[in-house]
Amino acid sequence: MGNVLNNRKIGLALSGGGVRAIAYHAGVVKYLAEHNLMKKITNISSVSGGSLFTGLVLNLSQNRLPSDEQYLTDILPKLREHMIFTSLQQSGMSALMKFSNWKHVLNRRSLVISQTIESLWGIKSVLADLPRNPVWTINCTNGENGQRFRFKNETMGDNKTGYTSARLFKTADAMAASAAFPVGIGPVEIDTANYKWELETPYGSGHKERVRPEFEKLHIYDGGLYDNLGTETFYEVSEQGVKLNTKDVDFIIISDAGSPMTETPLSDPFSLSRVNKLINILMEQSRRLRVNSFTNFMKYNGNGGIYISLADNSLLSITNDDFTMSEVTAARSLPTSLDQMTGFEFDSLVKCGYHSVRLHIDQI
């Protein structure tokens, strides 16, 4: 199977989904590592849980993409330990309780997640420390203008605000911003006056001009509000094709760790759970539009990539003594959170990610 992708340049789009996404993506990458394809990964585009996974993997391998053997023998076991013995959620709540000034409790939630990522996972790097190969795009959402705000190659910004150097911006802050779901966490705040911003005018010309952002402060939320799959880095929905300015990618793997949406009654009006469900409905519709567009593209470009999903019922058709239906059920039922999981849940999700890739690659 490895020969199918041996001469391809792989772009990984890693979805959100909290710790469920971390374990599912871990299984996807396990499959690539077993087939000696780590060195073929040229770009990673991540959202929320996908950003947490990528940041943790890079940190565990000294801010570089691990080799195939290193990932399998060293990084994956350490990922498992982190997921079953530590909890960003519980540690973050404990840290939040230590703040004496409660009037700031709402806007400090993302700060607490960032500090917990630093202390619990030991991620103390800044964007300048990250590798240039593969290129890592950390996707977020600008709360002021609704644009896809991203951190990439020591820069940050969006197409309306402009872009600026962010060499010393903390990796943990960028990861926390990408995972800052509005109901549970809240945004990372950026003071625009602290940076020099530029825009390319007109777009594609290469000519950049200094701009002054409209807003003094930007509130950067979970990238899933805009695109929970992270596909826009590589794929243009309006054109239904790979972006012309995407370099070094000729095979896209979209890894979707979203669980199947279940039918449940709405909770009481004005409750946070109702708001959360309505946001999830909107995100689900956005996801379907992007998936349908990519699926249509794949009909005419069959060797251009694959879309794999935890919700794909094809997984149920390949279960056996080593990969059981109970493991698929356990993987799908894990809620979207930043809490710890059991060893069985982690292993089940890894198997689901692994077999999702195998199922699709074997059909090429």
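Me: Is Thr137 buried or exposed?

Reply: Bear in mind that this is a predicted model. A residue counts as buried when its relative accessible area is under 20%. Thr137 has a relative accessible area of 2%, so Thr137 is buried. Thr137 is part of strand S3, which covers residues 135-142. Leaving out residues up to four places away in sequence, Thr137 touches Ile44, Ser45, Ser46, Arg148, Arg150, Phe151, Lys152 and Thr233.

Me: Does Lys196 count as buried or exposed?

Reply: The cut-off for exposed is over 50%. Lys196 has 61% relative accessibility and therefore counts as exposed. Lys196 sits in the loop between strand S7 (188-191) and strand S8 (197-200). Beyond residues up to four places away in sequence, Lys196 touches Tyr163, Thr164 and Arg210.

Me: What share of the protein chain is buried?

Reply: Of the 364 residues in the protein chain, 53% are buried. The chain holds 10 helices and 14 strands. It exposes about 17000 Å², and carbon and sulfur atoms supply 51% of that area. For contacts between residues at least 6 apart in sequence, 73% join residues at least 24 apart.

Me: Which residues have the most contacts inside the largest nonpolar core?

Reply: A nonpolar core is a set of buried nonpolar residues joined through side-chain atoms. The largest one here has 82 residues, and Tyr71, Leu79, Trp121 and Phe151 have the most contacts inside it. Helix H1, residues 18-34, gives the most to this core, with 11 residues. A second, separate core has 12 residues, among them Ala13, Ile252, Val291 and Phe297.

Me: What is Tyr71 in contact with, leaving aside its neighbours within four places in sequence?

Reply: The partners of Tyr71 are Ala26, Val29, Lys30, Ala33, Met38, Phe53, Val57, Pro66, Leu76, Pro77 and Leu79.

Me: At what angle do H1 and helix H2 pack?

Reply: The angle between H1 and H2 (residues 49-60) is about 55°, and their axes are 7 Å apart. Angles under 35 degrees count as roughly parallel and 65 to 115 as roughly perpendicular. H1 and H2 are therefore oblique to each other. The crossing of H1 past H2 is right-handed. On the H1 side, the contact is made by Gly18, Ala21, Ile22, His25, Ala26 and Val29. On the H2 side, Gly49, Gly50, Leu52 and Phe53 make it.

Definitions and conventions. Residues are numbered from 1 along each chain as its sequence is written. This is a predicted model: local features need pLDDT of at least 70, side-chain atom pairs count only at pLDDT 80 or more; totals for chains, interfaces and linings use all residues. Side-chain values use heavy atoms; hydrogens and water are left out. Helices (H or I, at least four residues) and strands (E, at least two) are DSSP runs, numbered from the N terminus. Buried means under 20% relative accessible area, exposed over 50%, partly exposed in between (1.4 Å probe, protein chains only). Contact means heavy atoms within 4.5 Å. Accessible areas come from the Shrake-Rupley method with a 1.4 Å probe; for residues, only the protein chains shown count as cover. A nonpolar core is a set of buried Ala, Val, Leu, Ile, Met, Phe, Trp, Tyr and Cys residues joined through side-chain atoms within 4.5 Å. Axes are lines fitted to C-alpha atoms, for helices over the stretch in contact, and angles run from 0 to 180 degrees between N-to-C directions. Angles under 35 degrees count as roughly parallel, over 145 as roughly antiparallel, 65 to 115 as roughly perpendicular and the rest as oblique. A crossing is left-handed if the near helix is turned anticlockwise from the far one by less than a right angle, and right-handed if clockwise.
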